[in-house]
Amino acid sequence: MKYRTSRRGGSETRQGGTWMVTFVDLVSLLLAFFVLLFSMTSPDAPQWEAFTASLRSTFSADSEKRSREALMPESVETEDPGTGVNLGYLRRLLEVAMSRDAVLQNATIIEKNGRLILSMASDVFFQPGAAAMQPSGEEALFDLAVALSRIDNRIDIVGHTDPRPFTSPSGSFRSNWDLSLARALSVADTLQRFGYRKPIEVRGAADGKFGEIDSSLPLEDRYRRARRVDLVIYHERDRR
């Protein structure tokens, strides 16, 4: 930058740099103002996790893996060593994961009696009368395995069917109970293959919970809701 000098009354003055001091002071004040605003905010954790996942997905070479990992915190400390992650917080995080997967978007999640129940329709995971996982279902369960591996809550998997008489195309299953248990085991096995290493209790319930489905719905809708696999997450930490 060039400066202009002049002599007045035997003294030399320099002009042109004063405005920079004023500008720097203004920028500093603005920066302090925005830092103060940020310190007073309380960002919503699930939205923040989704935001960071989006940034990583955009700027990372390994975008798909990083965006999945960003959906859950690396660790969550709890005040009570006997309890796991808060179910309300966990529900919001899982809803973020579900919104990013076409298969899981149709799943439902409810909080009931100290448990978080994620119900996944069997029709999107399995062929009729079969328990072999379809590729689209495996991709969805990969996201869940990444998320669930970072919590210590107790988890059960329960298979359900509708009450119609069972017919197995391959003859592999003798009853609805056999089929519901085999599907629950298939989900548990898929989660394990994708990195979930903690204990899981697996149960088959067949049509035992059919009576809990809204009886005002058309019968076919009730049958469709009955064919599902429930992922049950408890408030307490797994001690097994």
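Biologist: What makes up the lining of the second largest pocket, in nonpolar, polar and charged residues?

Modeller: The lining divides into five nonpolar, five polar and five charged residues. Ala, Val, Leu, Ile, Met, Phe, Trp, Tyr, Cys and Pro count as nonpolar, Asp, Glu, Lys and Arg as charged, and the others, Gly among them, as polar. This is a predicted model, in which local features need pLDDT of at least 70 and side-chain atom pairs pLDDT 80 or more, while totals for chains, interfaces and linings use all residues. Residues are numbered from 1 along each chain as its sequence is written, and side-chain values use heavy atoms, without hydrogens and water.

Biologist: Why is the second largest pocket called a pocket, and which residues lie nearest its centre?

Modeller: On a 1 Å grid over the protein atoms alone, a pocket is an open set of points with protein on both sides within 12 Å along at least five of seven lines, whereas in a cavity a 1.4 Å probe fits but cannot get out. Lining residues have an atom within 4 Å of a point. By that rule 15 residues line the second largest pocket, and P128, G129, D162, R164 and R227 lie nearest its centre.

Biologist: How much space lies in the largest pocket, and how is that volume defined?

Modeller: The largest pocket holds about 770 Å³. Closest to its centre, among 26 lining residues, are T108, I110, S119, R228 and D230. A volume is the space filled by probe spheres set on grid points, which are joined across faces, edges and corners. The second largest pocket holds about 310 Å³.

Biologist: Which element gives the most to the lining of the largest pocket?

Modeller: β4 does, with five residues. Strands are DSSP runs of E, at least two residues, and helices are runs of H or I, at least four, numbered from the N terminus. The protein has seven helices and seven strands.

Biologist: What makes β5 mostly covered?

Modeller: Buried means under 20% relative accessible area, exposed over 50%, and partly exposed in between, with a 1.4 Å probe and protein chains only. Seven of the eight residues of β5 are buried, so β5 counts as mostly covered by that cut-off. In the protein, 38% of the 240 residues are buried.

Biologist: How do you know that β5 pairs with β7 and β6?

Modeller: Two strands pair if DSSP finds at least two bridges between them. β5 and β6 run parallel and share five bridges, and H160 stands opposite A206 in β6.
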